[in-house]
Every structure is written in C-alpha cells, then in structure tokens.
Amino acid sequence: MKYYTYMLRCADGTIYSGYTTDIYRRLEEHSSGKGAKYTAGRRPVKLVYYEVFLSKSEAMKREASLKRLTRIKKENLIKGFNQIINS
C-alpha cells in the first residue's frame, strides 16, 4: 500500500497539509466539504504538492514536519514540485 502526504492551497491562500492512502479520494472529500473542518470553509482547494511513502509511519512523520514548516518553506517546496511536474 502507498501512503501520501499532500498540501492543498485553499481559496483564501492558506496551505493545508495532510496524509492519506488515496490522494484522489481525499481531494474529492476536501473539495466537497467533507475532508476536514479547516478546508470545508475554505473551498475550493487545489492539490499543489504531494509525496509518496511505503509506510503509514513515514507519511505521518512527514505530514508533521510539513505542518511545522514556515509558509516561505512550504511555498518553496510547492514551487520546486511544480517545476518538476511541469518540465
């Protein structure tokens, strides 16, 4: 099984971090207002970053580290990720 950590950009410009086993299902949950209290009132949301892990433990540790990053560091991760995806 694969585990994902991800970041969403909310309509108000904030960044939400989480983890899941099914990134497409989780994005749909967030988009429909059923994903998390935080994102429910900040829709629409856009997936802007993700990483894949082989264990739940690794994914949860990475989620915690993403939540501790400053906004600037989160934005830099997102920028680098998008450059890789779009190249």
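The model is predicted. Its sheet is open, has 3 strands in the order β2-β1-β3, and is paired in the antiparallel sense. Helices α1 (residues 23-32) and α3 (residues 56-68) each contact β1, β2 and β3.

**Sheet architecture**

- Within the order β2-β1-β3, the edge positions are taken by β2 (15-20) and β3 (46-53), each of which pairs on one side only.
- On average, and ignoring direction, neighbouring strands of the sheet are turned by 20° against each other.
- Strand β1 (residues 3-9) is joined to β2 by 6 bridges in the antiparallel sense.
- The antiparallel pair formed by β1 and β3 contains 7 bridges.
- Of the 7 residues of β1, 6 are buried, so that the strand is mostly covered.

- A hairpin is formed by β1 and β2, with 5 residues between the two strands.
- Gly13 lies in the turn of this hairpin and has a positive phi of about 90°.

**Helices on the sheet**

- Helix α1 lies across β1, β2 and β3, and its direction is at about 30° to β1.
- Helix α3 packs on the sheet through contacts with β1, β2 and β3, and its direction makes about 170° with that of β2.

- Helix α3 comprises 13 residues and reaches 19 Å from its first C-alpha to its last, close to the 18 Å expected at 1.5 Å a residue.
- Which residues of α3 are buried? They are Ala59, Glu63, Ser65 and Leu66.
- In general, an α-helix has 3.6 residues a turn, so residues three or four places apart point the same way.
- Lys61 and Arg68 are exposed on the other side of α3.
- The cover over the buried residues of α3 includes the strands β1, β2 and β3, together with helix α4 (71-85).

Key: Residues are numbered from 1 along each chain as its sequence is written. This is a predicted model: local features need pLDDT of at least 70, side-chain atom pairs count only at pLDDT 80 or more; totals for chains, interfaces and linings use all residues. Side-chain values use heavy atoms; hydrogens and water are left out. Two strands pair if DSSP finds at least two bridges between them. Helices (H or I, at least four residues) and strands (E, at least two) are DSSP runs, numbered from the N terminus. Axes are lines fitted to C-alpha atoms, for helices over the stretch in contact, and angles run from 0 to 180 degrees between N-to-C directions. Contact means heavy atoms within 4.5 Å. Buried means under 20% relative accessible area, exposed over 50%, partly exposed in between (1.4 Å probe, protein chains only). The expected span of a helix is 1.5 Å times one less than its number of residues.
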